[in-house]
Amino acid sequence: MKKSLVFRICVAGMLSALAFVLNNYFAIDLFEMKLTLYALPLMICGMYFGPVTGLLCGLVTGFLCQVFSKYGLTVTAPLWMLAPIAWGSLSGVMMKLRSKKIRYRFVVLHLQKQKIITNTILSFF
């Protein structure tokens, strides 16, 4: 059964809002590091609805996090928005490549692998 467009927009919006709240209010700041779980709703959106919806959810979340950060919207905002965009879209791409049968163990391992790869690649910029 295909999900309706209204359902996709509503769930993607709620997951984007959840990611924003997890990033801004439920993050632990340790010296130079920030521990947060805001990538999980973005990855769930990408895995459930596909790469395009995951990309849009990551774009909205990254934009909101930049606008409401202490630095505001700057010239480098698109670079900081790459990580949430990658989390949403790449998790959707990886699920498309995987078979239609979803196993919970695979989902947990995929989330961890996706976050490690994205953080490693984007930490060099």
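Helix α2, covering residues 39-49, packs against helix α5, covering residues 82-97, at an angle of about 35 degrees and with the two axes 7 Å apart. The model is a predicted one.

**Contact of α2 with α5**

- The crossing in which α2 passes α5 is right-handed.
- On the α2 side the contact is made by Ala 39, Leu 42, Met 43, Gly 46 and Met 47, which meet Pro 84, Trp 87, Gly 88, Ser 91, Gly 92 and Met 95 of α5.
- Sorted by class, the residues in this contact of α2 with α5 comprise 7 nonpolar and 4 polar residues, with no charged residues.

**The largest pocket**

- At least two residues of the lining come from each of α1 (5-24), β2 (33-35), α3 (51-67), α4 (77-80), α5 and α6 (104-122).
- The lining of the largest pocket is made up, by class, of 15 nonpolar, 12 polar and 5 charged residues.

**Asn 23 in the lining**

- Asn 23 counts as buried because its relative accessibility is 8%, and buried means under 20%.
- Apart from neighbours within four places in sequence, Asn 23 is in contact with Lys 34, Thr 36, Tyr 38 and Cys 65.

Definitions and conventions: Residues numbered from 1 in each chain as written. Predicted model: local features only at pLDDT ≥ 70, side-chain atom pairs only at ≥ 80, totals over all residues. Heavy atoms only, no water. Axes fitted to C-alpha atoms, helices over the stretch in contact; angles between N-to-C directions. Helix = DSSP H or I, 4+ residues; strand = E, 2+ residues; numbered from the N terminus. Left-handed = near helix turned anticlockwise from the far one by under 90°. Contact = heavy atoms within 4.5 Å. Nonpolar A, V, L, I, M, F, W, Y, C, P; charged D, E, K, R; others polar. Buried < 20%, exposed > 50% of the residue type's maximum accessible area, 1.4 Å probe, protein only.
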